[in-house]
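The entries follow the order in which I looked things up.

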Amino acid sequence: MTAAVAVEGLVKRFGDVEAVRGIDLDVAAGETFGFLGPNGAGKSTTIGMLCTLVEPSGGSARVAGYDVVHERDEVRRNIGLVFQDPTLDGYLSAEQNLRFHAELYGVPKAVVPDRMREVLDMVGLWERRASRVSTFSGGMKRRLEIARGLLHSPRVLFLDEPTVGLDPQTRSSIWRYIGELKQTEEITIFLTTHYMDEAEHCDRIAIMDQGEVIVVDTPEALKASVGKDRVEIGTDDDAAAIAALRERFGLDAHVSEGMVTFAVASGEAFVPRLFAELGVPIRSVSVARPSLDDVFMSYTGTTIRDAESAQRGDPMVRMMRQGR
Amino acid sequence: MATTTPTSPSAPASVAGVRVPTGGIRADLRAIKVVWQRELIRFSRDRLRIVTSLLQPVLFLFVLGGGLSRLASAGTEGVDLRTFMFPGALAMAVLFTAIFSAASIVWDREYGFLREMLVAPIRRGSIVIGKCLGGATVAAFQGVIVIAFAGLVHVPYAPGMILALFGLALLLAFMVTAFGVMAAARITQMQSFMALTQMLLMPLLFLSGALFPVTGLPRWLELLNRLDPITYAVDPLRRVVFAHLDVSAAARAKLAPGVSWWGWHVPTGVEVLIVALAALVMVALAIAQFRRA
């Protein structure tokens with residue numbers, strides 16, 4: 001079976017800036033694959049190349065079995081796209097937007113009504129099909145874009161930050177639709193996100209930072225590779241607690257949001273020892289499994305938020321945002 | 001639904017219900033048609049544009065024409081200036097509507113919809129041609145409104161004349177929309193588009209002879225007039241109208257002299273050919289621009 005996405009040594013340079021520095025990837029058919037990284041890490045540029053919108057400076061990529069440079073139209077016919085920014089016509093109704101798409105993609109006329117109903121039902125917009133898109137909320141627009149991206153039954157659906165700018169409730173409903181989608185369609189989903197919690201919805205995740213793929217694995221395996229749980233304790237004397245942790249347990253702790261925080265293997269088992277041996281009164285304690293935040297931290301040495309603020313104003317990001 | 005039941009994962013070739021056929025001329029024709037339809041839907045939903053399109057001819061014919069006729073009555077050989085202005089007003093109305101239609105590409109870019117079109121598995125040319133046809137249709141509709149006013153400025157409602165005017169308006173509209181689409185290919189901001197088209201279109205309009213007869217002009221003006229492609233759309237419009245007017249030979253010679261090159265009277269057929277060629281060149285340039293966009 002051919003891979004849904006196969007990338008070898010893909011490079012993109014904008015002038016002197018190397019936005020994507022030779023990445024390799026293989027995504028199997030039917031997989032939900034997540035690209036995780038801060039803004040400016042090169043995720044959007046990579047998706048742009050896979051979607052034939054950005055011409056690679058080097059390397060090769062095949063999507064649904066077709067080369068993104070030499071078989072551009074074949075690739076386009078077999079992919080669905082949902083961009084970060086809306087690409088709907090507000091003057092048209094939901095139905096007219098979909099019909100426009102069906103015509104551009106040459107969906108056989110006989111199946112258009114059924115297919116349209118199916119995708120609109122899936123995102124819960126069938127009742128609103130005759131309404132003008134300009135009257136839709138941000139979440140409804142995003143759902144309509146997902147429906148439109150699926151209309152021509154793509155083999156690979158690209159979702160570039162599908163939930164960015166949406167409220168938490170809408171975000172979770174978008175994820176519910178994506179989950180349902182996996183039940184009803186035989187489709188590969190390739191998405192980018194910089195929300196850690198969303199990456200957990202993926203079968204596999206690639207962590208990208210500064211134009212390179214740092215690691216690719218399942219969320220569970222990535223978390224296991226970090227190995228340690230995060231323990232937070234509240235004490236009356238934080239400085240004494242940190243000193244005691246270093247002396248008696250050899251642990252490196254720091255104060256984060258008013259709590260003494262450190263990482264330790266098997267956190268729950270460690271708590272009784274902590275109470276017995278620390279010698280500083282403890283007011284509260286919490287133990288958390290490693291999150292993808294911790295994973296990102298352990299692979300890149302920085303939090304996603306810090307990585308983002310360091311890269312703000314990256315010219316490449318602005319280029320990608322502009323309509324092409 | 002039967003058409004979309006997923007098959008087993010081991011058969012990737014038939015994973016989804018809808019198999020989009022490969023491209024070709026039929027795919028491109030479908031794309032052209034839907035891009036064209038969208039322009040019409042958008043126009044029909046925009047009440048302000050419809051009201052404007054009704055008001056514009058009134059402005060050109062009755063305010064501008066009516067106002068100037070007091071000054072010009074001595075030089076028109078007894079012909080109402082508004083009658084003389086009629087073909088020019090028709091050209092102007094078509095021209096402004098067409099350029100406004102082309103501006104929709106800039107909006108499409110701003111609101112992201114252009115990207116939806118640009119990533120589709122169709123040739124970019126289909127989008128450009130669909131846009132040009134859409135703009136031309138809307139502008140020709142504007143032309144029909146102006147033609148409807150003909151009786152009020154002493155131009156008879158002759159079926160042959162109406163048909164010819166409509167055809168010429170359509171051609172002019174197509175050329176101007178193509179010009180606008182070509183300009184819009186690289187422009188990302190509405191203000192820039194408006195500034196550029198005003199800067200280019202106004203001179204082309206004023207030079208075209210839409211507002212004055214094209215003989216006896218100063219040498220430099222005559223040269224610029226003959227280089228302006230819009231001249232060759234305005235002149236046939238005027239010839240068609242004057243062919244259906246009952247005016248003196250002197251008035252005809254003075255007001256609708258026709259375009260000549262170094263004394264050679266350019267036939268209407270050649271004029272129409274020039275406009276058609278200019279339109280094709282602009283469409284070709286617009287397509288080339290969008291291929292790279």
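**Entry 1: a glutamate in chain B.** I started with E271(B), which sits in helix α11 (residues 268-292) of chain B. The model is predicted, so I treat every value here as computed from it. Is E271(B) buried or exposed? I find E271(B) buried, with a relative accessibility of 0%. I then listed what E271(B) touches, leaving out residues up to four places away in sequence. The list holds Y232(B), D235(B), P236(B), R239(B), V259(B) and V266(B).

**Entry 2: confidence.** I checked the scores before going further. The model has ipTM 0.81 and pTM 0.80. Chain B has a mean pLDDT of 85, with 91% of its residues at 70 or more. For chain A the average is 85, and 93% of the residues score at least 70.

**Entry 3: chain A as a whole.** I count 13 helices and 14 strands in the secondary structure of chain A. Along the principal axes, its C-alpha atoms fill a box of roughly 75 × 45 × 40 Å. Of the 324 residues in chain A, 54% are buried. I also looked at contacts in chain A between residues at least 6 apart in sequence, and 70% of these join residues at least 24 apart.

The chain is split into domain 1 (5-223) and domain 2 (228-289). I get 42 Å between the C-alpha centres of domain 1 and domain 2 of chain A.

**Entry 4: the open sheet.** What is the strand order of the open sheet in chain A? I read it as β2-β1-β4-β5, with 4 strands and antiparallel pairing. The edges are β2 (17-27) and β5 (66-67) of chain A; each has a single partner strand, so one side of each has no neighbour in the sheet.

I followed one pairing in this sheet. Strand β1 (residues 5-14) of chain A runs antiparallel to strand β4 (residues 58-63) of chain A, and 5 bridges join them. Within this pair, V5(A) has V63(A) in β4(A) as its bridge partner. Helix α1 (residues 43-50) of chain A packs on the sheet and touches β1, β2 and β4 of chain A. The direction of this helix makes about 120° with that of β1(A).

**Entry 5: strand β8.** Why do I call β8 of chain A largely enclosed? Strand β8 (residues 188-193) of chain A has 6 of its 6 residues buried, so the rest of the structure largely encloses it. Side chains in a regular strand alternate between the two faces of the sheet. In β8(A), T188(A), F190(A) and T192(A) point one way, while I189(A), L191(A) and T193(A) point the other way. All of these residues are buried.

I then looked up what pairs with β8(A). Strand β3 (residues 32-36) of chain A runs parallel to β8(A), with 5 bridges joining them. Here L36(A) is opposite T193(A). Strand β7 (residues 156-160) of chain A also pairs with β8(A) in the parallel sense, over 5 bridges. In that pairing F158(A) is opposite F190(A). With helix α6 (residues 168-184) of chain A, β7(A) and β8(A) make a right-handed β-α-β unit.

**Entry 6: positive phi.** I looked at two residues for their backbone angles. E161(A) is in the loop between β7 and α6 of chain A. Its phi is positive, at about 50°, although E161(A) is not a glycine. E161(A) is buried, with a relative accessible area of 3%.

In chain B I noted H154(B), in the loop between α5 (124-148) and α6 (159-184). The phi of H154(B) is near 65°, which is positive in a residue other than glycine.

Conventions: Residues are numbered from 1 along each chain as its sequence is written. Chains are lettered from A and ligands numbered from 1 in the order in which they are written. This is a predicted model: local features need pLDDT of at least 70, side-chain atom pairs count only at pLDDT 80 or more; totals for chains, interfaces and linings use all residues. Side-chain values use heavy atoms; hydrogens and water are left out. Two strands pair if DSSP finds at least two bridges between them. Contact means heavy atoms within 4.5 Å. Axes are lines fitted to C-alpha atoms, for helices over the stretch in contact, and angles run from 0 to 180 degrees between N-to-C directions. Domain bounds come from an automatic or database domain assignment. Buried means under 20% relative accessible area, exposed over 50%, partly exposed in between (1.4 Å probe, protein chains only). A crossover is right-handed if, with the strands pointing away from the viewer, the path from the first strand over the helix to the second runs clockwise. pLDDT is the predictor's confidence in each residue, from 0 to 100.
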